[in-house]
Amino acid sequence: MSSSPATAVLDRNGLDALVEALRAEGRTVVGPTVRDGAVVLDELTAAGQLPFGWGSEVEAGRYRLVPRADGAAFAHTAGPQSWKAFLHPQREKLWSADRAADGRVSFAAERPVRPSYAFLGVRPCDLRAIAVQDNVLTGGYYRDDGYRRRREGAFLIAAECTEPGATCFCVSMGSGPAAEAGFDLALTEIVDDAGHRFLVRVGSAAGEAVLSRVPRRVADEETASTARNAVDAARERMGRSMPPVDLRTLLGGTLEADRWDDVAARCLTCGNCTMVCPTCFCTTTEDVSDLTGDHAERWQRWDSCFDLDFSYLHGGPVRASARSRYRQWLTHKLSTWYDQFGSSGCVGCGRCITWCPVGIDITEEAAALHDELADRLRRQDAEETQR
Ligand code: SF4
Ligand code: SF4
């Protein structure tokens, strides 16, 4: 799917009508809303539940909601959740088994109803994250039929990024701030003297059909260029960046770096970074039974490579140290993900930086590894010259 030129402009009423049109199709509309001091993702019954007038301030290990005078709805950065909470839920029952009075055991596969989601306000970095999870979970070795069912019915409305946060680095990862592909509709929010409005681009036939049921006007040149300028300005204001090197090669060449000890001394191995990461997909299974033993269930739940049990083989965990677990996570994200899935496992959303309780910063770690490698290569060159 490729992005198309600007087609329409919605005002606030148009946004209300968009949510109504999606709900009238029987879709569960999910989008950002304010709850518990954060912008979270939840079901929306009306556009008025969007976080109008709220932004966020983020830093390593820090997140704060801040009021905005302009009343913008999509001027916040990534919150603690991502869309994987809906497409690849934290816990899911796979099957149950019952033993009858005659001792016979019957199994029943869990067949969840196929939800028809409409995700409203998907950031470009999160569009890329959904594409990464599609690649992992809809085919090949890690295929997950529950994910595929939920994903097939999902309608995606992107919200281009015009207010990057201090922990964002999507430009380094080529995943933002513009929405390029993977959406049904893409919005760019504009608040200026000409009013509060949303430029809309159509990305699919389904998007065109929904838009046709919403009051709108044809996009004027001024609104289109204001929207482009706002996204271009966001590109220049990214809070962070990755070192401009081949990260795949960098991580592959620094497995024995001293920096891993440094980060291991700070890392709590809490796994927060994996829980908030929109691409992390690892799960484990748990079997539970009732007290009689006549009813049992198998559940799938998110797992984390920071858990000791994650790499447990007979006799103990393969990755017993914090150094080995952090290295596994970062090396997989930025390097070996390419070997497995043909892309980076990082989309530059910054969540792992914001929600790390001790503020460990993936961009800082990559830069430190780069510096250490460059230093090592310089010393090797100098030694060879002296020989
Ligand atoms: S890097 Fe941060 S969030 Fe991730 S496991 Fe370590 S302390 Fe937890
Ligand atoms: S590794 Fe961090 S910045 Fe990259 S996608 Fe995951 S949470 Fe976002």
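The model is predicted. Domain 1 covers 6–90 + 109–236, and domain 2 covers 247–386, according to the domain assignment. Two ligands have shells described here, ligand 1 with 13 residues around it and ligand 2 with 13 residues as well.

**The domain interface**

- The contact draws 33 residues from domain 1 and 32 residues from domain 2.
- The C-alpha centres of the two domains are 28 Å apart.
- Interface size is often quoted as the accessible area lost when the parts come together.
- Here domain 1 and domain 2 bury about 2600 Å² between them. Carbon and sulfur atoms account for 62% of that area.
- On the domain 1 side, Lys84, Gln90 and Phe169 lose the most area to domain 2. Together these three make up 22% of what that side buries.

**Polar and charged links**

- Aspartate 126 and arginine 351 form a salt bridge through their side chains. The N to O distance is 2.7 Å.

**What domain 1 brings to the contact**

- Two strands, β4 (54–59) and β5 (62–67), each give two or more residues to the side that touches domain 2.
- The largest share comes from α3, with 9 residues.
- By class, this side of domain 1 has 17 nonpolar, 10 polar and 6 charged residues.

**Around ligand 1**

- Cys267, Leu268, Cys270, Cys273 and Cys356 come nearest to ligand 1, out of 13 residues around it.
- The shell around ligand 1 holds 10 nonpolar and 3 polar residues, and no charged ones.

**Around ligand 2**

- Ligand 2 is surrounded by 13 residues, and the closest are Cys277, Cys346, Cys349, Gly350 and Cys352.
- Helices α11 (322–341) and α12 (351–354) each supply at least two residues of this shell.
- The shell around ligand 2 splits into 9 nonpolar, 2 polar and 2 charged residues.

**Backbone features to check**

- Most residues other than glycine have a negative phi, and most peptide bonds are trans.
- Aspartate 36 has a positive phi of about 55 degrees, although it is not a glycine. Aspartate 36 sits in the loop between β2 (28–35) and β3 (38–43).
- Glycine 176 and proline 177 are joined by a cis peptide bond, with omega about 5 degrees. Proline 177 lies in the loop between α5 and β10 (185–192).

Note on methods. Residues numbered from 1 in each chain as written. Chains lettered and ligands numbered in written order. Predicted model: local features only at pLDDT ≥ 70, side-chain atom pairs only at ≥ 80, totals over all residues. Heavy atoms only, no water. Domains from an automatic or database assignment. Contact = heavy atoms within 4.5 Å. Buried area = accessible area lost by both parts, 1.4 Å probe. Salt bridge = Lys/Arg side-chain N within 4 Å of Asp/Glu carboxyl O. Helix = DSSP H or I, 4+ residues; strand = E, 2+ residues; numbered from the N terminus. Nonpolar A, V, L, I, M, F, W, Y, C, P; charged D, E, K, R; others polar. Near = heavy atom within 4 Å.
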